[in-house]
Amino acid sequence: MIKRKLIATITMLLALSSATLSAIGFGYHILEIRTTPEFSNGVFPSSLVYQFNFPVPDMVRGSKTEFAFRLDNGLEYRTLEQDPDTGDPYQEDPDGKGAFPRDYTVQFDEFNLFFAQGFVNTQFAGEDLLTLRVSIDGRFENAFERFSWMSNPAETEGTFNKRPGEPRFPDSSWVGAPELKGDRSAFMISLSAGLDINFMRDRITRRDGVRMSADVRYSPSMLQLFGVSADYYAIKCSLDASWTVFSIGQQGERDTTWLSLVLDNSTSYSYIKGSKVPYFIQGGSIWEIKGPNTGHVITNRSSVTLYGPQINSYDCYPYVMGFFDIGYSFGELLNSSTPRQMNEFFSAVGFRAEFVIFNIASIYYEIGYVADPVLNGDNEVRQSFGFSLGL
């Protein structure tokens, strides 16, 4: 209890100190509110993002220099994918006694203090060809039972407790989920560095070119201040390519369109190694699916987007997107007491409709089909609805 209060206090002080600096003229902040209620299970994940941008002079003439503090806090809904005692991946019926309720809720607070420097100004308005980034990151998590277990008397079997007050797993294990050990709270610190290469001409409803990035994240046990719930390093590379098939411009308006069709493809590869890999850094994610916790993950999204008219502004428009996602996890299973190799394909296909209002707010609806879900889950149709607001 003392540890949890101390971690929460540190997080609050970081936020308040940044807010104070912003208030006295050292920068301004951006607030974003996101919510994505999922119709399939009746829960409402949401988060708030604050960013405090400290005004610094451009260190390289003609290129952008950025120094900022970001705080993201909210709720996530997860599934316990690995047995806490052994790290073995769960199947449909892990204990042979019927369905096992593996869903749970996580409250998180994540901060990111980063510095970014651009190089080589190009013809792409407002973008540098190269951008180097470095940051220090911290993430506090507190996990608890899903809301339905706490509110429905008919549900007597929880993820962490067989019944209220009767723990399902001993506190001394949690090999398969190190961030859930003890009181199921963790504070994880990491260092990150990255490089972006931008050949993309992005005009909102028209995109042409390629964009590449590479990131390294290092979170050794010696950086953890309150218990060791993380000990890993991760490398992620991504490549995005876009092509505008056609666009119909608005007469008398510069660069605005009535209608446009854009093809996009995004590929990513992640390599993760470590003795304690927390859930939020594991695997690769595609729509509604997270890959198994292996050392190598490849994901790809191919999409086609039809943009409607830009209404009196560049950043007010509707669009409809069809997408096909596929992923492949392979290599050593992480967070496991027994060395083993595994591989798993997973995929999803669906549509997303969204209306963007001056880049201040947006509202969307998604529906899709999850095929080949990980670890022998069921194929199913899923849908979600949500909005975001930025000030």
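The model is a predicted one. The protein has 391 residues, of which 44% count as buried, and its secondary structure comprises 2 helices and 19 strands. Among contacts with a separation of 6 or more, 63% join residues 24 or more positions apart.

**Surface**

**Nonpolar cores**

- The largest nonpolar core contains 15 residues, and the members that touch the most others are W287, I289, Y307, Y317, Y319 and F346.
- Three strands, β15 (294-307), β16 (316-333) and β17 (341-357), each contribute at least two residues to this core.
- Strand β16 provides the largest share of the core, with 4 residues.
- Another core, of 12 residues, lies apart from the largest one and includes L80, Y90, V106 and F108.

**Surroundings of Y317**

- Beyond four places in sequence, Y317 touches I204, T205, Y307, G308, P309, Q310, E354, F355 and V356.
- Y307, one of these partners of Y317, is also listed with Y317 among the core members that touch the most others.

**Cavities**

- The structure holds 3 cavities of 30 Å³ or more.
- The second largest cavity has a volume of about 60 Å³.
- Its lining consists of T79, L80, E81, Q82, Y104, G176, A177, E179, Y279 and Q282.
- By class, this lining has 4 nonpolar, 4 polar and 2 charged residues.

**E179, a lining residue**

- E179 counts as buried because its relative accessibility is 3%, whereas the cut-off for buried is under 20%.
- Leaving aside neighbours within four places in sequence, E179 is in contact with R78, Y104, E141, R184, S185, A186, S229, V277, P278 and Y279.
- E179 and V228 are separated by 49 residues in sequence, yet their C-alpha atoms are 8.5 Å apart in space.

Technical notes. Residues numbered from 1 in each chain as written. Predicted model: local features only at pLDDT ≥ 70, side-chain atom pairs only at ≥ 80, totals over all residues. Heavy atoms only, no water. Core = buried A, V, L, I, M, F, W, Y, C linked by side-chain atoms within 4.5 Å. Buried < 20%, exposed > 50% of the residue type's maximum accessible area, 1.4 Å probe, protein only. Contact = heavy atoms within 4.5 Å. 1 Å grid on protein atoms, 1.4 Å probe; cavity = no way out; pocket = protein on both sides within 12 Å on 5 of 7 lines; lining within 4 Å. Points joined across faces, edges and corners; volume = space filled by probe spheres on them. Nonpolar A, V, L, I, M, F, W, Y, C, P; charged D, E, K, R; others polar.
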